[in-house]
Amino acid sequence: MKMTQKQIRRLLTLYILTTLGFLVIMSPTLVHAYTFYRIGDIQGDGFESPHQYTYLETTGIVTADYQGENKKGFFLQDSEGDGNPDTSDGIFVYNRWTDVNVGDEIYLVGKVKEYYGLTEVYYARTITILSSDNPLPDAVELNPPRRDYASDAYYESLEGMLVSVSDMKVVAGTDRFNEFAGVVEDLNVERVFQDDPVGTGELIFVDDEGGCRLEVESGWVVKGLYGPLDYTYDEYKIQPARNIELEVIEQGHNLKPAKDYKALTIATYNMYNFFDDYYVATDFAKHAHAIHDFLGEPDLIAVQEVEKIELLQQLAATWPIEAEYEAILIDGPDVRGINVGLLYRTDRVGSVNYAEARQYHTYLNDGYGPGTDPNYVCPEGANPLFSRPPLVVNLEILGKKGSTSDLWLIINHFKSKGVYEPYYADPEPRRIEQAEWVSSLVDEIDDGHPDAKVVVIGDLNDFVDSATLAALTVGGLNHLNYEVEKEDRYTYIYRGVSECLDHILLTPSLKKAFHKAMVIHFNPDFPYWTYVYDRNTGIRSSDHDVLMCVLEI
Ligand SMILES: [Ca+2]
Ligand SMILES: [Ca+2]
Ligand SMILES: [Ca+2]
Ligand SMILES: [Ca+2]
């Protein structure tokens, strides 16, 4: 019987393994006899390896050599597989020192652990190259299910294995960590939304720790993605190799600037750490371009994350802004020093009749501060309700034909969704209390000024369908986000998911005046590093897009 090349290689492998085993047994310094496991056994059919922290033996083919990249190791795969679709046949080996190459068949003795959810060999006592230039196992073409738990189980069964996506539609531009997200183009999904009841499991993430860095925009198509499936920062992601051949098909920008409306335009703009000493140099030019080029110089701009009023004043004087703006900002107690504020056009505002940062207190014991507010005395045992107290402003708006009308704004930046410190506390009850109190503030204004026209606006740090927003709409406020076309109804992208954090709500007294609401998209859809230092464009001036409304007053 004539043996095939493959059979000869296997026999040779068996011979080498037997010899190695013999050496291990004979060597007085190596007293362990290790159990051999296939990679599928090491991975197991659950989310964690059943063989953590013990030395074991395995073999496989090196499918990606990232020893010189940020990953500092390589991916190994059992080219035959164990025949069980629930167990991954690939694994990451954290090792820079024993040089291996793609196509090497290796034998290793090592310890396994879960490194933040990635099953890896983190200590390889022995790595022996058995043969080289082996063909790689076929990549699995990804097609993750939309339901979130099913998607996690699907991805876990492929963790560490070679995967591919022949045609990917990008749904989130490359972020500052050089990651982007997309979906299989054939799904005909243009964007993945937070409030999709089916789930967001169809998302596919791509990272650069294998050396391949792509700067892509939402809507673009990437052809030929291929690489091992990694797991970092709570996401499964493809790590393509530096030398991979890809095709990127660019589509036109999804950037529709606001028109020049005659009616009153109001925007809410989270300016992302607008400090004058922030490590990313505060860029007046980028914000000025955004306001002029994309927002059409709105009459009123409610702003968040601004350090001090001088920055707004300097911004108003920055080219290419042409209109004359004045600023209102009252310093609050936020520990990072960020505040809410207002920029208003002097050609549309006759007078500012009232401007006050309105604080209240809470007995919630969530550890979220701010502890004290120099402008507010809390009762014993209570804590100021807001790190960024709502800025309440009453303006005389100048109409086109010499008429005037009275408008109230409540400008907000609610408690963030991020859980930083204390890391265990849920920030949602705080946001709900903030919303409830702002709702009572609307009632207070209405009590003093019957049929007052009130705009509740800002970064509320919660979703359209959240309890926070329900606490505002229950009192009768009209939620303008639902007036935005569904395909445009997002102001932020988090982990590939498009969502609204920024909101505008109106009292019923403004119902007749309402004309239009829209989101101007120029930030998270666009690749971060391509634009962030380009002072000739407003693209990537912030991590939020801008929600606007047009009122006929
Ligand atoms: Ca398997
Ligand atoms: Ca290498
Ligand atoms: Ca895992
Ligand atoms: Ca695993």
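Me: What makes the largest nonpolar core a core, and which residues have the most contacts inside it?

Reply: In this predicted model, a nonpolar core is a set of buried nonpolar residues joined through C-beta atoms within 7 Å. The largest such set has 112 residues, and those with the most contacts inside it are Val303, Leu342, Leu409, Val455, Val456 and Met548. Strand β8 (residues 162-172) gives the largest share of this core, seven residues.

Me: How do you know where this core lies relative to domain 2 and domain 3?

Reply: Look at who contributes: domain 2 (140-249) and domain 3 (264-551) both give residues to the core, so it lies between them.

Me: How many residues count as buried in the chain as a whole?

Reply: The test is 20 or more other C-beta atoms within 10 Å of a residue's own. Of the 553 residues, 44% count as buried.

Me: Why are β16 and β28 called edge strands?

Reply: They belong to an open sheet of six strands, in the order β16-β17-β15-β14-β29-β28, with mixed pairing. β16 (325-329) and β28 (514-520) each pair on one side only. Neighbouring strands of this sheet are turned by 20 degrees against each other on average, direction ignored.

Me: How do you know that β14 and β15 pair?

Reply: Pairing needs at least two bridges. Strands β14 (residues 264-274) and β15 (residues 300-306) run parallel and are joined by six, so they pass. Within that pair, Asn270 stands opposite Gln304. Helix α5 (residues 309-316) packs on the sheet, where it touches β14, β15, β16 and β17 (339-345), and its direction makes about 170 degrees with that of β16.

Me: What makes β18 and β24 edge strands in their sheet?

Reply: Their sheet is open as well, with six strands ordered β18-β21-β22-β23-β27-β24 and mixed pairing. β18 (349-357) and β24 (478-479) each have a single partner strand, so one side of each is left without a neighbour in the sheet. Further in, β23 (residues 454-459) and β27 (residues 502-506) run antiparallel and share five bridges. There, Val455 stands opposite Leu506.

Me: How many residues lie between β5 and β6 in their hairpin?

Reply: Two residues lie between them, and Tyr116 in the turn has a positive phi of about 45 degrees. Strand β5 (residues 105-115) pairs with β6 in the antiparallel sense over eleven bridges. Ile106 has Ile129 as its bridge partner.

Me: How do you know how far apart domain 1 and domain 3 are?

Reply: Their centres, taken over C-alpha atoms, are separated by 54 Å. The whole chain fills a box of roughly 100 × 55 × 40 Å along the principal axes, again by C-alpha atoms.

Definitions and conventions. Residues are numbered from 1 along each chain as its sequence is written. Chains are lettered from A and ligands numbered from 1 in the order in which they are written. This is a predicted model: local features need pLDDT of at least 70, side-chain atom pairs count only at pLDDT 80 or more; totals for chains, interfaces and linings use all residues. Helices (H or I, at least four residues) and strands (E, at least two) are DSSP runs, numbered from the N terminus. Axes are lines fitted to C-alpha atoms, for helices over the stretch in contact, and angles run from 0 to 180 degrees between N-to-C directions. Two residues are in contact if their C-beta atoms, placed from the backbone, lie within 7 Å. Domain bounds come from an automatic or database domain assignment. A residue is buried if 20 or more other C-beta atoms lie within 10 Å of its own, exposed if 12 or fewer, and partly exposed in between; C-beta atoms are placed from the backbone.
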